[in-house]
Amino acid sequence: MKTPLLAALAVASLASSVLASENIADQYPQSELYSKPVEVIPHVFSAIGATAPPGYDNAGHNNNLSFIVTSEGVVVINAGASDALAAALHAEIKAQTDQPVVLVINENGQGHAMLGNGYWRDLGVDVLAHADAIAEVQKNGDFILQGMQSYNGDRAGDTRVEPANLSFSDSYEITLGGVDIQVLHLGPAHDPGDTQVWIPQWQIMIAGDIAFHERMLPIFPHTCTSCWMETWVDKLEPMAPTYMIPGHGHPTNLAQLRRYTYDYLADLRAKVGAHIDEGGDLAGAYYVDQEAWRGLDTFDELATKNAGRVFEEMEWE
């Protein structure tokens, strides 16, 4: 049995086998998927998405599409950004096991988590999401679909908006083939209804968008960064998972994800807070020093936006 240190090193080795880069257009050109699913630990697989923004080249597969194989069925985490992506993931699942998919979990209400729901529902598979994520889909689903259609062109196919048919608030538990799977909402983080999937007996968390590395995290107008940090410290870190699959980027460990999630938020809030204390305005906040994070993919797209949104949040704290 691996020690926690050796296990963490094994995940780090897997992550470095194909370096994440937003400059790589497609790692699996024979499939709609951006990359072929890899087995992160026994029975847990993930198709690692591009770290670039969604586009035609990656077919919108810029998040991680994961699945858990048990002797009584398969649980999928994230439906994909289109019917075609959902079908491609399903083909990869069927290449690994004869067990049917029995549940799909949306990690939030974003397009790449839920636009493939219609494919799975047409097969009679239940789809689960947090109540807040379902509300987001019901409110903005048509707009999200139009955005996908605009970048995906003919690859959008007949994808439709299909909200999850099962919901939860704090937690939802399922046992399949002796595997206890806990679907959790640890608290406010990146997006409404952010969901984490925890398998305690295997010490692995499919963390979703509470955790980032390799690419810069985006801060939305509705994101409460102080709440996100509180959730991280009070709820996530005490669980101390050995293995983690983030919403974007390769599987890694808690320390690495803390560095590029919690530490980034803390640094940005400190810089913006100092700017406010010095009488700075929103225009100046966009240019607070974030050079330490320039190596992350999507830095150019997100750094200034993040600073502005943190200023708007902290201005009234």
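1. Two strands pair if DSSP finds at least two bridges between them. In this predicted model, strand E3 (residues 65-70) and strand E4 run antiparallel and are joined by five bridges. Within that pairing, Phe 67 has Val 76 of E4 as its bridge partner.

2. Val 75 stands opposite Leu 103 of E5.

3. E4 is mostly covered, five of its five residues being buried. Gly 73, Val 75 and Ile 77 point to one side of the strand, while Val 74 and Val 76 point the other way.

4. Helix H8 (residues 262-277) packs against helix H10 (residues 299-314) at an angle of about 65°, and the axes lie 9 Å apart. The crossing of H8 past H10 is right-handed. H8 contributes Tyr 264, Leu 268, Arg 269, Val 272, Gly 273, His 275 and Ile 276 to the contact, and H10 contributes Asn 306, Ala 307, Val 310, Phe 311, Glu 313 and Met 314. By class, the contact residues of H8 with H10 comprise eight nonpolar, three polar and two charged.

5. The structure holds one disulfide. It is formed by Cys 224 and Cys 227, with their sulfur atoms 2.2 Å apart. The disulfide is right-handed because the torsion about the S-S bond of Cys 224 and Cys 227 is about 70°.

6. Cys 224 is partly exposed, at a relative accessible area of 23%. Cys 227, at 25% relative accessibility, likewise counts as partly exposed.

Conventions: Residues numbered from 1 in each chain as written. Predicted model: local features only at pLDDT ≥ 70, side-chain atom pairs only at ≥ 80, totals over all residues. Heavy atoms only, no water. Axes fitted to C-alpha atoms, helices over the stretch in contact; angles between N-to-C directions. Helix = DSSP H or I, 4+ residues; strand = E, 2+ residues; numbered from the N terminus. Left-handed = near helix turned anticlockwise from the far one by under 90°. Contact = heavy atoms within 4.5 Å. Nonpolar A, V, L, I, M, F, W, Y, C, P; charged D, E, K, R; others polar. Disulfide = S-S within 2.5 Å. Buried < 20%, exposed > 50% of the residue type's maximum accessible area, 1.4 Å probe, protein only.
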